[in-house]
Amino acid sequence: MLPNKLGEILIKQGLIRADQLQAATTEAERTKNRLGPILVSLGFLKDSQILRALEKQYGMPGVDVAQFEIEQSVTTIINRDFCEKHCIMPLSKAGATLVVAFSDPSNLQVRDDLRYLTKCKIQPVVATENTIMTAIEKYYSLTTGDLVTQGEEAEIETQTLSTNASAVEVGNPSGGDAPVVKFVNGILVEAIRRRASDIHFEPYETKFRVRFRVDGGLIEAAAPPLNSGPAICSRIKIMSKMDIAEKRRPQDGRLKIKLNKENREMDFRVNSVPTMWGEKIVMRLLDKNTLQTDMTKLGFEEEDLKIFKAAISLPQGMILITGPTGSGKTSTIYSALTTLNKTDTNISTAEDPIEFNLEGINQVQMNSEIDLNFSTALRAFLRQDPDVIMVGEIRDLETAEISFKAASTGHMVVSTLHTNDAPATITRLTEMGIAPYLITSTLNLVVAQRLVGRICEACKEAIQLPEDTLLNLGIPKVDIPRFQIARGKGCPSCNGTGIKGRIAIFELMPMTEKIKEAILRNASSSELRRICSQSGVRTLRRSALLKLARGQTTVEEVMNSSVRDDL
């Protein structure tokens, strides 16, 4: 269904406003997704509301395809590509009549094509884009052969990320290694389609498996023949300009592919390590289209966002973003840099590695082979007339000292640390060797963050929990009635997990006079936490509970992804 057509129907029936449609359309274009699922994920409509609107518009029965049991035999009548392209799903066959769910039953050309392809009479019913696409995921599961076919059909160009690299066409491979080339291409395309953040190629004694990390969890994607593992690894290393003869040491590489059909590019960061049964390769997908640089959409509470914006607008000082690997620190830093990226501001970054290329920002890749590290880059930056400096990570005393020196001499410095929460950051800095007086005079703000899973809107349902469970989470008894506890039942759209997408929780610790006094007398992390609590700082757990109260996340996600208050 054309996005504007669905939007017109929903506006005509008064279900959404024009500004909501514009926001959803913009998001659909940015993520290359369909409008219907975007409207649901943004919370503008429920899937059932869209279905009722389509029934009314087309005057035909509607079907919730996600709840419909489809016989596997009918999926062989129409192939997956045709279903995905036209957003249709075969439901059942009786004699010469094939019942097909359409997101746009007014498209007579598709009906005619189906009659020709299937030699059946087509009985249309209407369904939402979201339920049709989830059903396609469920009933058209990909085999290794499908991935090879998908890779063969995909129009892919690949290129290394060096400045003089030219694109190499691999969409139509030939020769003895062609099946491996096609399989790898198919895996890359499938990972992009599933919104994966990482691809794992793993050799074991009796099998070779491929897994995708989607929304923080790993799911198995394929299990090609065991003897194909070395060839698959070699193919990836060739694409990434890594040394295929070196199998004893870890290696890093990078590549970019272009999907010609979708006119879309994707960067991959590649790492290999030797294991007992061969090399394991992990590819990190770096999709600039999904990089969220709008601070209002990161998950900040309104008052926290004001504090963060005020801190990054200061002419000098330091802001530290803390949290474990994979907690969204890069998105937060890039959103800050994007906000500061103006023609009158000189921004330099030292990164290892550079995850996304940002126009107008001078990004420097660290290289240990030539002793180009964070401290070396920082020294160079101070002679480059910078206004804003971003240091990928403060890993040692030397980097920390230069960063604080830069922040105290008229520059805004943004960096990251790996700590559990904001107060623990101060302890880490003092243990590293930074003098307390330098911390209090230079540090403006510490932001600790985590990611929690977002409940899948396609299968979301309200649930009741015992009061004791909520009290144990730290929820005051008086606040329990306002908590809208929900969970995802699990559906094909979320791979049966009930979670689709993630949202950030934050703990912001500004340098108030009380906190500065505590730092100068070498207060412990627990004492700093107590002072923060008395000052009204919202902890990671409290931030997660706000998301729980709104029905955005689950109790399990709150327990797994936030630090328990010790107060």
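**Exercise 1.** In what order do the seven strands of the open sheet lie?

*Solution.* The model examined here is predicted.
Step 1. Reading across the open sheet, the order of the strands is β14-β13-β15-β16-β12-β17-β20, and their pairing is mixed.
Step 2. The edges are formed by β14 (362-365) and β20 (499-510), each of which pairs on one side only.
Step 3. From one strand to the next, the twist averages 20 degrees.

**Exercise 2.** Determine in which sense strands β12 and β17 pair, parallel or antiparallel.

*Solution.* Step 1. Locate strand β12 at residues 317-322 and strand β17 at residues 443-455.
Step 1. Five bridges join these two strands, and the sense of the pairing is parallel.
Step 2. As an example, Met318 has Leu443 of β17 as its bridge partner.
Step 3. Consider also helix α20 (residues 540-549), which lies across β17 and β20 and runs at about 140 degrees to β20.

**Exercise 3.** Explain why the buried residues of helix α6 are said to line one face of the helix.

*Solution.* Step 1. List the buried residues of α6 (residues 108-118): Val110, Arg111, Leu114 and Thr118.
Step 1. Viewed down the axis of α6, these buried residues fall within an arc of 100 degrees, and therefore they line one face of the helix.
Step 2. Turn to the other side of α6, where Leu108 and Tyr116 are exposed.
Step 3. Identify the packing partners of the buried residues of α6: they are α5 (80-86), β1 (88-94), β2 (97-102) and β3 (121-126).

Terms used
Residues are numbered from 1 along each chain as its sequence is written. This is a predicted model: local features need pLDDT of at least 70, side-chain atom pairs count only at pLDDT 80 or more; totals for chains, interfaces and linings use all residues. Side-chain values use heavy atoms; hydrogens and water are left out. Buried means under 20% relative accessible area, exposed over 50%, partly exposed in between (1.4 Å probe, protein chains only). Helices (H or I, at least four residues) and strands (E, at least two) are DSSP runs, numbered from the N terminus. The arc is that of the directions from the helix axis to the C-beta atoms. Contact means heavy atoms within 4.5 Å. Two strands pair if DSSP finds at least two bridges between them. Axes are lines fitted to C-alpha atoms, for helices over the stretch in contact, and angles run from 0 to 180 degrees between N-to-C directions.
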